[in-house]
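Let's go through this one together, asking at each step what stands behind a label. Here is the structure to look at.

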Amino acid sequence: RGDCSIYSKFADPKQWCVTPDCFDYAASIIYQTTWLKRIAKTHMPKYKHADNDRLFSAFGPGAGFEIFKCKLLDFVTIVPGSRITTVPKNNDAERVINMEPLLNMICQLTLSQSLRMSMRQKYDYSMEDAQEIHRKMISDLNYATIDLSKASDSNWLAVIEFLYPKRLLRYLKAMRSPIGSFENTEHVFKMLSPMGNGFTFEVMTITLLTAARLFDETASVFGDDIV
């Protein structure tokens with residue numbers, strides 16, 4: 001219901017929201033990204049020299065990142081989770097989507113790029129080219145296509161916890177929204193996340209691709225579209 005460009009979101013400090021478990025990761029990405037850091041500093045209150053001196057004396061030398069995190073908390077809003085909404089899937093059904101906090105989304109999209117890189121290294125598979133590859137594969141009668149029903153709503157967290165290595169699972173769980181708010185009621189997600197999360201599509205792709213490659217080393221997956 002308004003201007004939702006990335007420029008407008010970064011320009012409005014009220015949009016700088018994050019879940020508690022994701023805050024440290026978001027702060028780290030902002031701190032290490034020149035332009036995000038510059039934008040964040042424009043939203044921070046003006047500190048007096050005495051205030052900065054107290055921060056430096058409290059944290060000690062070499063604690064620039066810890067001080068930056070403290071200053072972020074002066075305007076960043078900690079929220080319990082995401083907002084749930086729906087969009088038309090077709091004439092008869094609605095698709096549930098997640099409206100993620102802005103800083104969670106930054107972290108999720110960062111992680112999604114790492115997942116894409118892993119698929120390129122492990123399977124020589126590029127998600128950027130997958131749709132074009134699928135167009136060619138489906139014209140070959142030796143291949144079958146499988147389109148799953150409500151696949152993005154079936155990525156159960158318990159299954160992801162069973163399948164994925166702990167070092168990656170730590171990031172997935174910290175960066176997701178654990179709950180979603182719909183019509184002033186909070187719901188705990190039993191799935192990893194609905195669509196709208198920045199890495200749901202990549203997690204779904206890599207999970208199904210790994211399973212499909214056990215049966216066919218030429219299998220290809222794009223989201224829930226399996227060939």
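**What the labels rest on**

Q: What share of contacts between residues at least 6 apart in sequence join residues at least 24 apart in the protein chain?
A: The share is 68%, where contact means heavy atoms within 4.5 Å. This is a predicted model, in which local features need pLDDT of at least 70, side-chain atom pairs count only at pLDDT 80 or more, and totals for chains, interfaces and linings use all residues. Residues are numbered from 1 along each chain as its sequence is written, and side-chain values use heavy atoms, leaving out hydrogens and water.

Q: Why are β3 and β6 called paired?
A: Pairing requires that DSSP finds at least two bridges between two strands. Strand β3 (residues 82-88) and strand β6 (residues 179-182) have two bridges, in the parallel sense, so they meet the definition. Arg83 stands opposite Ser181 in β6.

Q: What makes β4 and β7 edge strands?
A: In the open sheet, the order is β4-β3-β6-β7, with mixed pairing. β4 (94-99) and β7 (185-188) each have a single partner strand, so one side of each lacks a neighbour in the sheet.

Q: How do you know that the span of α10 agrees with its number of residues?
A: The expected span is 1.5 Å times one less than the number of residues. For the 14 residues of helix α10 (residues 200-213) that should be 20 Å, and the end C-alpha atoms are 20 Å apart, so the two agree.

Terms used. Helices (H or I, at least four residues) and strands (E, at least two) are DSSP runs, numbered from the N terminus.
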